[in-house]
Amino acid sequence: MNFWEYLGSRYQQVLVDTYQHASVVFQCMVIATVLGVAIGVLTYRRQWAGNLAITTTASILTIPSLALIGLLIPLVGLGVAPTVLALVLYGLLPVVRNAVVGLRGVDPALVDAAKGIGMSRTARLFKVELPLAWPPILTGIRVATQMLMGIAAIAAFASGPGLGNLIFRGISSLGSANALNQVLAGTLGIVILALLFDAAYVLIGRLTISRGIRA
Amino acid sequence: MPDHDQPGTAESRPTETGPSGATEAPHGDAAATSVTGATIRLENLTKHYPGAPLPAVDGVTMDINAGELVVLVGPSGCGKSTCLRMINRLIEPTSGRISIDGEDVTDIDPVGLRRKIGYAIQASGLFPHMTVAENIAQVPRMVGWSKKKVKNRVEEMLDLVGLDPREFHSRYPRQLSGGQQQRVGVARALAADPPVLLMDEPFGAVDPITRDHLQDELIRLQRELHKTIVFVTHDFDEAIKLGDRIAVLREQSHIAQFDTPEAILTNPADDFVSGFVGAGAALKRLNLTRVRDVEIADFDTVRVDDPLQDIFDKLRSGDANELLLLDQQNRPYKWLRRGDLSRVKGSLARAGTLIHDHVTRDATLRDALEAVLTDSSGRVAVTGRRGEYIGVVDMETLLNSVHEMLEADRLAAMEHRHSLEADRARRTRAAQEGTFTTSGEAS
Ligand SMILES: Nc1ncnc2c1ncn2[C@@H]1O[C@H](COP(=O)(O)OP(=O)(O)O)[C@@H](O)[C@H]1O
Ligand SMILES: [Mg+2]
């Protein structure tokens, strides 16, 4: 069976895996974004706190993904839980780092002006600081998403959802008829998803970054 | 009577009351129009930054009248910004009190306070991700104006600062020149109609010509609005041009002299102030008087769309051998002299001398003099807000006005010195007689 014949016969399974892969990455990114921006907002004002947040999230990233998922299984069991937890943890670093750097990079004169015209701390954050820091934050989200696309494949190791299942099945039955096709379908699916997500981010950038600060 | 002088600092401010008396309003013409500003009172205001050996601002006491434009001027680092930023509590004073319109605001919620105080800073501080309209709408929205009212207000403010609402409404700050940004900055500061406006070197970052225009605009605005404005600059000429009163600050914001520009120019309190005033006080005096204060003469005019024959007749028959040619919008266009007639061959295109420079009624006499000196006709056309012709000012008028002004200043300064001496003599006498009265101490 060549690759196209394989796809033709198994496309339903491949589509389901692709959808689940996209879905888990998307949902984890939403959580990572909310958490990451929140951590950034809470820490950027203090030198030590911001640096601590960046260093901590950076060191999470140095744990091999297989090991992290493996370590999570005894804590949260198999399936979706360790997958989501691992992906969110990995997704944090780019978001936190860019949020801290972005928020610190806002021109102090603008923050002063915002204060001076009577904006409260919250208004300043939501109307001035976050919109101005949004382009780098969005870049962070984009980088994190690319990363999670690949890492999500490892989740199959913990019986998680996604295209990793195809790859793992293929690898474990290497030599059998469809092994290579399975690995190929899983990998291609991830690459295509990554490209689609990237295109989506370009669009989101267009829609959410003010024309006044767009490069 | 409020004692706004500490005995210790009285000596450094001998001209506090000014030649025209203590109680008089700073504008001669302010009485007729309504004053929307509020009084500001700084009492012994001090800011000591942690870690600094000396306070940045040390015990400033100052009374600012409603509707007055007070300029804080002094060398860089003397604490002007710190002083200003304590008024809207961007910086919390270490000690001392601030009251606005009699209300002590030293301890009230700073966010609410700032919405009632306009704030304009160098390089405009416009939010780059918001359009011009959104920038201006910020404060009105925060204080809860209706959408409709905010929208109208934005248009009104753009108009007020001389920007066409249709053209500029939806532009972003980066699509504006430095001068336009600064105008929007002022519009934003004034949008919610605050009684007080604080400006920290607002025109510091624009080129000299634009700065000059912006200063003229501010003067015009202030004539219309009568806000209480505290304006910080390190440029003494700017202070002279804008201030109803000027506080010359030395290090730690110690007030060297707080008085009208005229008084400071003609009667500087000490060497520090003299040094700051610099050379050319008489020339600087020209900055204190506006074209509207001198006699604007009529001049014979014709319009480009007048029949050529009429223009010829007027030039030949009139007693003046010069005419001012206006364009279709009634703006000064050319000087036409009798000698030019020969060059007119069916069209005015080649005849006459183009007018490059004209002044508004708010321009200073210095600008007018500059224009007169550079214009071949020896006079300058005065124009209205949209550039339309109003009249002319010539060299003779300027010279006479300046002489009169300087003479009046000298008299005022002399009178002032006499009254100071008389006062001192009376005080000495009182002290000798051992009847030191409280009023004597306070003055
Ligand atoms: N936030 C601050 N922390 C510590 N020192 C400051 C701060 N702001 C200003 N200063 C110091 O206070 C003095 C007055 O500063 P400033 O008010 O900005 O002066 P000016 O506006 O007259 O140039 C300067 O010596 C400056 O270094
Ligand atoms: Mg300053």
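Modeller: The model is a predicted one, and the contact draws 20 residues from chain A and 23 residues from chain B. The area buried between chain A and chain B comes to about 1,900 Å², with carbon and sulfur atoms giving 60% of that area. On the side of chain A, the residues that lose the most area to chain B are D112(A), I117(A) and R211(A), which together account for 28% of what that side buries.

D112(A) also takes part in a salt bridge with R85(B), in which the closest N and O atoms are 2.6 Å apart, and the rule finds 1 salt bridge across the interface of chain A and chain B. Between the two chains, 8 residue pairs are in polar contact, counting pairs with both residues at pLDDT 80 or more. Helix 5 (108-116) and helix 6 (121-154) of chain A each supply at least two residues of the side that touches chain B, and helix 5 of chain A gives the most to that side, with 7 residues.

As for the ligand, an oxygen atom of ligand 1 is 2.7 Å from an N or O atom in the side chain of S81(B), while a polar side-chain atom of T82(B) lies 2.4 Å from an oxygen atom of ligand 1. The protein covers 53% of the 550 Å² of accessible area that ligand 1 has on its own.

Terms used:
Residues are numbered from 1 along each chain as its sequence is written. Chains are lettered from A and ligands numbered from 1 in the order in which they are written. This is a predicted model: local features need pLDDT of at least 70, side-chain atom pairs count only at pLDDT 80 or more; totals for chains, interfaces and linings use all residues. Side-chain values use heavy atoms; hydrogens and water are left out. A polar contact is a pair of N or O atoms within 3.5 Å; within protein, one must be able to donate a hydrogen and the other to accept it, and residues adjacent in sequence count only if both atoms are side-chain atoms. Accessible areas come from the Shrake-Rupley method with a 1.4 Å probe; for residues, only the protein chains shown count as cover. Contact means heavy atoms within 4.5 Å. Buried area is the accessible area (1.4 Å probe) that two parts lose on being put together, summed over both. A salt bridge is a side-chain nitrogen of Lys or Arg within 4 Å of a carboxyl oxygen of Asp or Glu. Helices (H or I, at least four residues) and strands (E, at least two) are DSSP runs, numbered from the N terminus.
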